[in-house]
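This briefing covers the arrangement of the chains, the contact between them, the nonpolar core and selected helices.

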Number of protein chains: 2
Amino acid sequence: MNGRALGLGTTATCRVPYPELLNTLVRALLRAGFETERAARCAQLFAESSRDGVYSHGLNRFPLFLSMTRSGVIDIRAEPQLVSSSGLLERWDGGMGPGNLNAYHCMDRALKLADLHGVGCAALANTNHWMGGGTYGWQAADAGFIGICWTNTCPNLPPWGAKEPRIGNNPLVIAVPRVDGHIVLDMAMSQFSYGALAAHRMRRELLPVDGGYDLDGRLTRIPEDIEVSHRPLPIGYWKGSGLALMLDMVAGILSGGRTTYQVAAEPEKETGLSQGFIAFAVQRLGDGDSTRELSDQVIRHFQSPSEGDGGQVRYPGERVLQTRRENLAKGVPVEPVVWQQVQGLAA
Amino acid sequence: MNGRALGLGTTATCRVPYPELLNTLVRALLRAGFETERAARCAQLFAESSRDGVYSHGLNRFPLFLSMTRSGVIDIRAEPQLVSSSGLLERWDGGMGPGNLNAYHCMDRALKLADLHGVGCAALANTNHWMGGGTYGWQAADAGFIGICWTNTCPNLPPWGAKEPRIGNNPLVIAVPRVDGHIVLDMAMSQFSYGALAAHRMRRELLPVDGGYDLDGRLTRIPEDIEVSHRPLPIGYWKGSGLALMLDMVAGILSGGRTTYQVAAEPEKETGLSQGFIAFAVQRLGDGDSTRELSDQVIRHFQSPSEGDGGQVRYPGERVLQTRRENLAKGVPVEPVVWQQVQGLAA
């Protein structure tokens, strides 16, 4: 496997056994002052992202995460606090604590509420980057629930018709549990992330489809031209622009927290995010076998080959499972420079 | 205003006062055998779609709707039945009744549940085309709630990587109430509907961006080439393809109804759809003024002009309100042929 398949910027990678990756992250977090149980959970969430192929929000993001705990943007001691409970909608304050711990907690709350009432919802204010959003989809599906969650972000995307970044790329996650592999969609509202633009640039590749505008206002597949113009495209042009706005507003209103325009635009200072977590208790619906059957049939139909198809049609989450198996068997690919840096932080 | 601004295929339109449009539709439904109260509600939902500029799902769709009641695809006497209540998640069976009446009823149930519990959810099986999905977003926002709803459809969109239509364009609606005009997103998962393709073709216009593939598998802006290939694009390519799949699965599982692969692909036979309705009781959160302030600020920021912007940035629902005002003042634009036909059905 090379850098391309890994979604990394370079081809020079090596593999580290998953337990070694996990333990190294735990040690780095303990050294950074995390309390034992929280260090274990936080390290696990980072390690699992790399294990599942979401390298940009796994090990590769870890140094920035630790640097933000040192600069005080992330408060490692802050635990989410219940602000109010309006019926089945709980509001939580993340206290600017670690984003992945806060998000994990709030999806857990949504699951517990759904277990009791069929549906559960937790809204989270004042949190930080949740890292790989798919994490919380898998969390819900592993527990047998349908999970939906989304986050706002700093302004990193121009609305349709504008040049300046004024909306977030606001990832949306939807997860459906299935015996033969959960179906987990994790999609940002930009067609390509800045990470994907950088990866294509470093591989000297064009984007597969138009990804944004160049400085002259022309649609382009040249990644560096979009990095310069800061004008990536929303998915579906005006449609993704509108959906990003709605996700931001709903997260802000439900949580009582900040919306994108109130969030600093620099990645190192991006904080005070708002998120929503919804869970549905599939198992309470009592359909059991027929739901299993339905999910399998839908996926079979989705993937059934038709004349002239170009290769296999993949369902959301399929590649994650394949990557997970491979990385558990062969070791998790790491960028040597980042791995050395994190080992240093753990020593 | 010409046909282009109306989203109609031709430029030859005339205007009819809203009350006349509404009364004509009521009479046609009564003649078709609808019970009085249901005729009034059903006519109102159709008339409001035309009033709001959603002509394709207002008057223009009405003759097909009536023809489907005559062919028995739509059962005009069927009322939604509560199948089960799993905590706060209610399951309703639409009995293959009129899609707009069923959807209106289920959003109403979600609102009532949310009023009691903060969050409410109704899932609907065995229903028909809900016409303009935005209707149920406005319904929620008019009542002061955040509303989210979506429907599956017949297979009308190829998954990313496939040539055959195997997913639906599954419209998703998200509505946020606001004093100065609700924010209501109503978006299908295809970049352009077949209606939009036909309208561009009749106006001899290219699509503003690539809308699908031609028969040779090239991306194209030529509407008729996509009509022939039956390969419109999902929004965001692989992203909209995945989101359409998830919306279908979640609607099918929550409602216990059919998923897209079980629905007949011909518009005249498309029936047995599944839908989801979620409401959040914003007013129970007790933020009042600060929520109002937040919504206004977000929209102001979204629309703030920046150097070199091409015209005004519109928020979802903005154009609907403008069209509504204009159509109430000047009359609702109708296609003369369709209007004559419906007048005949009402006579």
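Chain A is superposed on chain B by a rotation of 180° with 0.0 Å of shift along its axis, at an RMSD of 0.0 Å. The two copies are therefore related as by a two-fold rotation axis. In chain A, the C-alpha nearest that axis belongs to A:Gly236, at 2.5 Å from it. The model is predicted.

**Contact between the chains**

- The contact draws 63 residues from chain A and 62 residues from chain B.
- On the side of chain A that touches chain B, at least two residues come from each of helix 5 (99–117), strand 4 (119–127), strand 6 (172–176), strand 7 (183–187), helix 9 (238–255) and helix 10 (289–303) of chain A.
- Helix 9 of chain A gives the most to this side, with twelve residues.
- By residue class, the side of chain A that touches chain B comprises 35 nonpolar, 20 polar and eight charged residues.
- Of the interface residues of chain A, 98% are also interface residues in chain B, so the copies meet through the same surface.

**Helix 9 of chain B**

- Helix 9 of chain B (residues 238–255) has 18 residues, which at 1.5 Å a residue should span 26 Å; its end C-alpha atoms are 26 Å apart, in agreement with that expectation.
- This helix of chain B is mostly covered, as 17 of its 18 residues are buried.
- Just after helix 9 of chain B, B:Gly256 adopts a positive phi of about 70°.

**Nonpolar core**

- In soluble globular proteins, nonpolar side chains tend to be buried together.
- The largest nonpolar core holds 192 residues, of which A:Ala110, A:Cys121, B:Ala110 and B:Cys121 touch the most other members.
- Leaving aside residues up to four places away in sequence, A:Ala110 touches A:Gly120, A:Cys121, A:Ala122, A:Phe277, A:Ile278 and A:Ala279.

**Helix 4 of chain A**

- Within helix 4 of chain A (residues 62–70), A:Phe62, A:Phe65, A:Leu66 and A:Met68 are buried.
- These four residues cover an arc of only 160° around the axis, which places them on the same side of helix 4 of chain A.
- A:Leu64 and A:Arg70, on the other side of helix 4 of chain A, are exposed.
- The packing partners of the buried residues of helix 4 of chain A are helix 2 (18–31), helix 3 (36–51) and helix 12 (336–346) of chain A.
- After helix 4 of chain A comes A:Gly72, with a positive phi near 90°.

Conventions
Residues numbered from 1 in each chain as written. Chains lettered and ligands numbered in written order. Predicted model: local features only at pLDDT ≥ 70, side-chain atom pairs only at ≥ 80, totals over all residues. Core = buried A, V, L, I, M, F, W, Y, C linked by C-beta atoms within 7 Å. Buried ≥ 20, exposed ≤ 12 C-beta atoms within 10 Å, placed from the backbone. Contact = placed C-beta atoms within 7 Å. Least-squares fit on C-alpha atoms with pLDDT ≥ 70 in both. Expected span 1.5 Å × (residues − 1). Nonpolar A, V, L, I, M, F, W, Y, C, P; charged D, E, K, R; others polar. Arc of directions from axis to C-beta.
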